[in-house]
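Here is a short tour to read beside the sequence and the 3D view. Keep both open as you go through the points below.

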Amino acid sequence: MKEYLKINPADNVAVAITPLSKGTVITVDGNDITLVSDIPAGHKVALRDIAEGENVIKYGFPIGHTLHPVAKGAFLDHNDIKTNLAGQLDYSDIKISGENCCSVYPEVKPLTFEGYERKDGQVGIRNEIWVIPTVGCVNGIVKQIVDRLNAETGAEGVDGIFGFPHNYGCSQLGDDHENTKKILRDMVHHPNAGGVLVVGLGCENNQPAVFKEFCGDYDTERVRFMVCQEVEGDEVEYGLEIARELYKQACTYKRTTQPASKLRIGLKCGGSDGFSGITANPLLGEFSDFLCCSQGGTTVLTEVPEMFGAETILMERCIDNDKLGETISLINNFKQYFLSHGEPVGENPSPGNKAGGISTLEEKALGCTQKSGKSPVYGVMEYGERISHNGLNLLSAPGNDLVASTALASAGCQMVLFTTGRGTPFGTYVPTVKVSTNSNLARRKPTWIDFNAGVLVEDEAMDSVLRRFVDYILEVASGRQVNSEIAGIHEISIFKNGVTL
């Protein structure tokens, strides 16, 4: 295994793959460098003297500038580097490249998985019963219905019975109210649910009758509504009887062979470290290109604030000037969201990111965007919008793990691929596949991590890891549970920006 990695020929730093001790001599591009500091794994070492104010180059791009002179062979982290990011930009000089890696992608045999085809043509990878509250006031009612149906049935014949409590649906105005409606509507239409019971109270802002109309056409065999204030007597028993009917119907649905083109996969990272842009994120990028280019499938990249600093890479890959304009708006609108709250756009890396070797938002973004591979951007979506284009899509949502993953699922993704260098146990309401950036995390947290990409800096080539990963994803799509599902973790989180009444 290598002790260090210089990612791009233009870089003036390298990344320690294993901890390196002061006095160690490493040879980079034929030059011997004596380390003048200890270098923790995942962190950066200067390959030459770097002057105060000079850009630090990683992945071939500036990730910020130095706050003081840095000596050749020295350790440098967030204490030594400051972001170059500022406010909104006009991006008037950005031109789409016109290149399309999909046009030269090697021909690959079409792959299949076993999924549930719904009446609207969507395909689910799970057949679950969902009980969804229109407002937080009925969370307790939802829990009772779910608990009793689980106790009666043991969820035999379906892939699970779940409720999704949240705090919203009332005392909200403007975009917040619309965001709640959109996410709940998207859940109603999601193909991973074989049965959906929507439970309303009756007096909330998110009026059940209005919300029902907002949902548009839906499969009445699969989706039902209940308003608690309109029920005479025990609303739990009334709702339970509806849930029993949905459960009975869902038990009749069977998996059938489906083309991989029906897969819609969300791309997300959280608890990133210095290995994220070297192992797990590039693996997701290779997978995204494989699914989109060779199988005709769809991937969705979100976390807009974590595109800042690498956004021009995505802009240049837009399929046409309309998508370029939409991507520019996606970026600048989110920057304006930060600025409107008096917050800088570049203070993103968390304490865990910094401890793992990420010093600036540019460094985080250049690693983060690798999850999108190299294929063109075919679609750009607002928060709560559903997928309408195959291929790679961009989705407006923040970087917060629960909020962004919920947004990906709500866009229509049947699963979310989640890379992490620090680890996290959470799961959104679709299977959430945790991909570790380093083998140590995979060994330490086997009940969190589903796939280890850390082997990419050890003894396994990308082609080999990608083949195993594709096989694993198809198994998950065909019913294999991931760790968060085994642990019973199914959560939603809705984006909130405005006032609460």
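Predicted model: local features only at pLDDT ≥ 70, side-chain atom pairs only at ≥ 80, totals over all residues.

Residues are numbered from 1 along each chain as its sequence is written, and side-chain values use heavy atoms, with hydrogens and water left out.

**Salt bridges**

- The count comes to 25 salt bridges, each being a side-chain nitrogen of Lys or Arg within 4 Å of a carboxyl oxygen of Asp or Glu.
- Asp176 pairs with Lys496 in a salt bridge whose closest N and O atoms are 3.9 Å apart. Asp176 lies in helix α2 (residues 174-188) and Lys496 in the segment after α13 (483-486), so this pair ties together parts that are 320 residues apart in sequence.
- Lys496 counts as partly exposed, at 27% relative accessibility.
- Another salt bridge links Glu363 and Lys58, with 2.7 Å between the closest N and O atoms. Because Glu363 sits in helix α9 (residues 361-368) and Lys58 in strand β6 (residues 55-58), the pair ties together parts that are 305 residues apart in sequence.
- Both Glu363 and Lys58 are buried.
- Arg480 and Glu475 meet through their side chains in a salt bridge of 2.5 Å, N to O. Arg480 is partly exposed at 43% relative accessibility, and Glu475 is partly exposed with a relative accessible area of 38%.

**Strands and their pairing**

- Helices (H or I, at least four residues) and strands (E, at least two) are DSSP runs, numbered from the N terminus. Two strands pair if DSSP finds at least two bridges between them.
- Four strands make an open sheet in the order β1-β2-β5-β8, with antiparallel pairing. At its edges stand β1 (4-5) and β8 (75-76), each with a single partner strand, so one side of each is left without a neighbour in the sheet.
- Within this sheet, β2 (residues 13-16) and β5 (residues 44-46) pair in the antiparallel sense over three bridges. The bridge partner of Val13 in β5 is Ala46.
- Strand β6 pairs with β7 (residues 61-66), also antiparallel and over three bridges, and Ile57 stands opposite Pro62 in β7.
- The hairpin of β6 and β7 has two residues between the strands, and Tyr59 takes a positive phi near 60° there.
- On to β9 (residues 81-82), which runs antiparallel to β7 and is joined to β7 by two bridges. His65 stands opposite Lys82 in β9.

**Helix α10**

- Helix α10 (residues 401-410) is mostly covered, with eight of its 10 residues buried. Among them are Val403, Ala404, Leu408 and Ser410.
- The buried residues of α10 pack against α2, β17 (264-269), β18 (298-301), β20 (391-395) and β21 (415-420), where contact means heavy atoms within 4.5 Å.
- At the start of α10, a side-chain oxygen of Asn400 reaches to within 3.2 Å of the backbone nitrogen of Leu402.
- Just after α10, Gly412 takes a positive phi of about 120°.

Technical notes
Buried < 20%, exposed > 50% of the residue type's maximum accessible area, 1.4 Å probe, protein only. Polar contact = N/O pair within 3.5 Å; in protein donor to acceptor, adjacent residues only side chain to side chain.
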